[in-house]
Amino acid sequence: MAFLGLRKWPTPAILLQFLKPMWPFMAAGAIVMYTVSTIQDKAIRAPQYINDPKNPYAAQLASKAVH
């Protein structure tokens with residue numbers, strides 16, 4: 001009897017059975033994570049937010065801006 005279409009004993013192809021239909025979602029997730037990280041990094045380094053007290057990196061960025 002198969003449980004969710006898997007064999008009773010795992011084979012090396014079991015990973016391929018999982019990755020083959022999931023690769024578009026994994027690729028999209030990686031692209032979204034990279035894009036959000038890039039936008040966040042640019043946003044905290046924007047000139048109007050460098051001295052904002054809500055910016056957790058304000059002190060670090062202000063000291064780099066002086067040098």
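Author: The chain has two helices and zero strands. Helices (H or I, at least four residues) and strands (E, at least two) are DSSP runs, numbered from the N terminus. This is a predicted model: local features need pLDDT of at least 70, side-chain atom pairs count only at pLDDT 80 or more, and totals for chains, interfaces and linings use all residues. Residues are numbered from 1 along each chain as its sequence is written, and side-chain values use heavy atoms, with hydrogens and water left out.

Start with the length of helix 1. Its 32 residues should span 46 Å at 1.5 Å a residue, and the end C-alpha atoms are 44 Å apart, which agrees. The expected span is 1.5 Å times one less than the number of residues.

The unreviewed UniProt entry annotates residues 22-39 as "transmembrane region". UniProt positions are given in the numbering used here, feature names are shortened, and annotations may be inferred rather than shown by experiment. In the model, residues 22-39 are 100% helix and 0% strand, with end C-alpha atoms 26 Å apart.

Next, the surface. Ile14, Leu15, Phe18, Leu19, Met22, Phe25 and Met26 form a nonpolar patch with about 640 Å² of accessible area together. Patch members have over 30% relative accessible area and no salt bridge; nonpolar side chains (Val, Leu, Ile, Met, Phe, Trp, Tyr) are joined within 5 Å, like charges within 9 Å. Areas come from the Shrake-Rupley method with a 1.4 Å probe; for residues, only the protein chains shown count as cover. An α-helix has 3.6 residues a turn, so residues three or four places apart point the same way. Phe18 sits in helix 1 (residues 13-44). Phe18 counts as partly exposed because its relative accessibility is 46%; buried means under 20%, exposed over 50%, partly exposed in between (1.4 Å probe, protein chains only).

Finally, the charged pair. Asp41 forms a salt bridge with Arg45, the closest N and O atoms being 3.1 Å apart. The term needs a side-chain nitrogen of Lys or Arg within 4 Å of a carboxyl oxygen of Asp or Glu. The count comes to one salt bridge. Asp41 is partly exposed at 35% relative accessibility, and Arg45 is partly exposed at 42%.
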